[in-house]
Amino acid sequence: MRLREPYLNAAVLLGLIALPLAALLADAPFTITLATRAVILALAAVGLNIALGIGGLVSFGHAVFFGIGGYVMGILASHAQTYTPLDLGFVSIEGTKSMPVIWLSAMLISGIIAFFIGLLSLRTSGVYFIMITLAFGQLFYYFSISWPQYGGEDGLSIYMRNDFPGLNTLKPLQFFCLCFGLLCSVLFIQSKLQSAPFGLALNAARQTPLRAQAVGIEPLKLRLLAFVISGAITGLAGALFADLNRFVSPTMFSWQLSGELIVLIIIGGVGRLMGPVIGACMFVALEHFLGGLTKFWHVYLGLILLCIVLFARGGLIGLLTGKDGAKV
Amino acid sequence: MAQPVLATHKLQKSFGALLATDRVSVTLMPGEIHAVIGPNGAGKSTLIKQICGSLQPDSGSVDLLGKDISQLGTAARARQGLARSFQISELAMEDTVLQNVVLGGIGATRATWRFWRPALHTQALIARAESALARVNLLEQKDTICAKLSHGQRRQLEIAVALTLAPKAFIMDEPMAGLGGEGSKTMTKFLDGLRGEAPILLVEHDMDAVFALADRISVLVYGKIIATGSAREIRANRAVREAYLGEAE
Amino acid sequence: MSAILIIEQILNGLQFGVMLFLMAAGLTLIFGVMGLINLAHGSLYMVGAFAAASMAGLTGSFFIGLLAALIAAALAGAIIEIVVIRRLYKAAHLDQVLATFALILIFSEGTRWLFGSFPLFLEIPKLLSGPISLPGGIQYPLYRLSLIAIGLAVALGLWALIEKTRIGIQIRAGENDREMIAALGVDISKLYTLVFALGAALAGTAGALVGAIQSVQVGMGEPVLILAFVVIVIGGIGSIRGAFIGALLVGLTDTLGGVFLPELLKLFMETGSAQKTGSAFASMGIYILMGGVLIWKPTGLFGARA
């Protein structure tokens, strides 16, 4: 059975909308929360996929941006809820619980940090790049544990969900729609990027950097920009995740999470537009159903992952459409 | 005398105790095909790398149309008008033929930082790509995935990508590599017609092609140019016969 | 801050370092010879610790436990090499990372399934327990000193193996040119299984040895794995000598940093948060060290062709 990819993509999106609506009718708000979780993880993985799937950058430290997004939200919201401004010495920032402001801040700060991490790590390649990104993840992890002002190891709770003009964000379906809307916007932007000269050049630089240089393209600059965009998007997802759970903790920086983001992408198909979305849905579904069956469901996840890597490298999309994933 | 399009001045490169490039000065004049030949290990690839910018010489310089490009990187030199084809095809295997050639156009027109309009819907890029493909007879295969092309077709594609740069000079690294008799003849004919657009610095092992195409031949042995001249002069040169052609007999 | 304390901490740093070396040596061998990134190395460390703890618990003898650790880890290594790792040698780095990440999941949860979430207890052998008097009036735990000795002995043994034996020549040749030694008739698959099992045995031994002074529990391997990766990046991937120097550097930086940084901060901050912040910054210190080394030497201190 060979499906055409655009039809598959449309089907996934429709399914993703239909599920929460059905859940609403069946009065099962938890399912909506589950779907929201899938959408947010998908968004984080979409971010990573831009660097990994198109750019070929195996970043084992993308949790850095997820965590930064979460903590930006946590810090801004906690200052708002205690009515004390954030004193940075030379400037005092009022906290805020406005989602648009938080999102923009999360994306901006993640992007900036991605720029500096990229500047330092993109000069390396192969194993060294993987290790450096992993190391940066650990760096932030230990830093956040040691920062007592924002909960340290225990994390930080945000009592109320943040505000979005015109919506009641406490309602599961409304928050879901917000996240889903963001996911669709980012997917749209990614598809534009991918087909534009920038995307074509980045994709080619992944496959044959020598050829790219020989036609006047500098792979390093392309990759840096891709890494920054990628970091910003994953940062946005982090802010949303923290909002969903109303909780931020150092585990958002953990290397296990970085690994899971890569797993999400490969389940769906590396480099494919909807790969991360399908992967995230499958992952959350597995987590929920398998996790309900046994405490040790990670063993099965490991086995599934092993099979995918060894036998079905193109992920689910590869299986259904007959196309291989990107070679990274 | 006309100014050379490309010139190297006393390029020198050592790897530890090995002198790979020994004060090499070659010129490429407008409208000519200048072949560089030499036995294996003579340092041809090292020379190419220094000309194209992927290797920094210990001393010496390279200039393009009189402008010193020694401090520029590979991509910058390509933007200045230096096009190269690789000995082992460097192509984006997952992409189609058209996508590969459009890449050349993107580099040539500085379109890398365009984020919105699809590359494959941009008339300027498509026109440039398709005309290059038509010239190497690959237009019909434009939607074929590169990995599915035959070896000969990939060599043609290499040339097509170089064409899209509308370069000032071509550096061709063994374009005949792996081509059979038919393919070599076609490629030879094609390169012959190309010299009018931009001169070609041709590194080759295929002696038939070299003697058929080259206006001038330089012989590189152990990193040093031991002779430069027309095909007839080179064939008659004793030092060359001993070092290279003699061994082949 | 007495001289005795400083020397004790230096010894602790050395002990930490040589145990890291056991992990890093295996990792760097596996990457150098087979070109494989092995995230499952931490799991092999854990397997060794659990094997030691169970056998020692059953038989009452630490040394039997240690032997069991070595055998169990080597065996586990050989099995996963034959079943999984073999298929990854030609694969891209991403595939290797994912497949070995999958192995971590399987090993970790599998161990939790078998042994539960509570840590196991591994007792220091009577023979090596208690303090030993060192010159200068220092009382240092005998066990930790023996770890340093064992670590140095292993380093020496590895050096002898690589430099002086036939297998060592094959390993060195393999690090340089994989295809060549296959063409020369060396049985590659056996060599690779051997190298992998050797690395696994080293990891398992380290796990067992350290398990006696820390707890034996699921997930104990991953922090050490990450540190071992930092070590080989600093030392240069593929270089055993680099792994040794790197391991000592990391061990000393981490231990001394963890002791002195809080002391330094106590001059500016109040004790409780100075301790916490100091320890955290000390654990960041290693990554800063790695970053510094890489800026100076992009392929590590003794790294191969850049």
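Visitor: What makes the radius of gyration of chain A agree with a compact globule?
Guide: This is a predicted model, and chain A in it has 328 residues.

Visitor: What is chain A built from, and how many helices and strands does it have?
Guide: Chain A has 13 helices and four strands.

Visitor: How much of chain A counts as buried, and what makes a residue buried?
Guide: A residue is called buried if 20 or more other C-beta atoms lie within 10 Å of its own. By that test, 57% of the 328 residues in chain A are buried. As for contacts with a separation of 6 or more, 75% of those in chain A involve residues 24 or more positions apart.

Visitor: How do you know which residues of chain A are in contact with chain C?
Guide: Two residues are in contact if their C-beta atoms lie within 7 Å. That gives 36 residues of chain A against 37 residues of chain C. Helix H5 (126-145), helix H10 (255-268) and helix H12 (297-311) of chain A each put in at least two residues on the chain A side.

Visitor: Where are the domains in chain B?
Guide: Domain 1 takes in 1-81 + 168-249, and domain 2 takes in 90-166. Their centres, over C-alpha atoms, are 26 Å apart. Six residues from domain 1 and seven residues from domain 2 make the contact in chain B. The domain 1 side of it has four nonpolar, two polar and no charged residues.

Visitor: Why is strand E8 of chain B called mostly covered?
Guide: E8(B) spans residues 169-173, and five of its five residues pass the cut-off of 20 or more C-beta atoms within 10 Å, so they count as buried. Ala169(B), Ile171(B) and Asp173(B) point one way and Phe170(B) and Met172(B) the other, all of them buried.

Visitor: How do you know that E8(B) pairs with strand E7 of chain B?
Guide: Two strands pair if there are at least two bridges between them. E7(B), residues 82-85, and E8(B) share four bridges in the parallel sense, so they pass. Arg84(B) stands opposite Ile171(B) in E8(B).

Visitor: Which strand is joined to E8(B) by another four bridges?
Guide: That's strand E9 (residues 200-203) of chain B, which runs parallel to E8(B). There, Phe170(B) has Ile200(B) as its bridge partner.

Visitor: What makes the crossover from E8(B) to E9(B) right-handed?
Guide: With the strands pointing away from you, a right-handed path over the helix runs clockwise. The chain goes from E8(B) through helix H6 (residues 181-194) of chain B to E9(B), and this β-α-β crossover is right-handed.

Notes:
Residues numbered from 1 in each chain as written. Chains lettered and ligands numbered in written order. Predicted model: local features only at pLDDT ≥ 70, side-chain atom pairs only at ≥ 80, totals over all residues. Rg over C-alpha atoms; globule rule 2.2 N^0.38 Å. Buried ≥ 20, exposed ≤ 12 C-beta atoms within 10 Å, placed from the backbone. Domains from an automatic or database assignment. Nonpolar A, V, L, I, M, F, W, Y, C, P; charged D, E, K, R; others polar.
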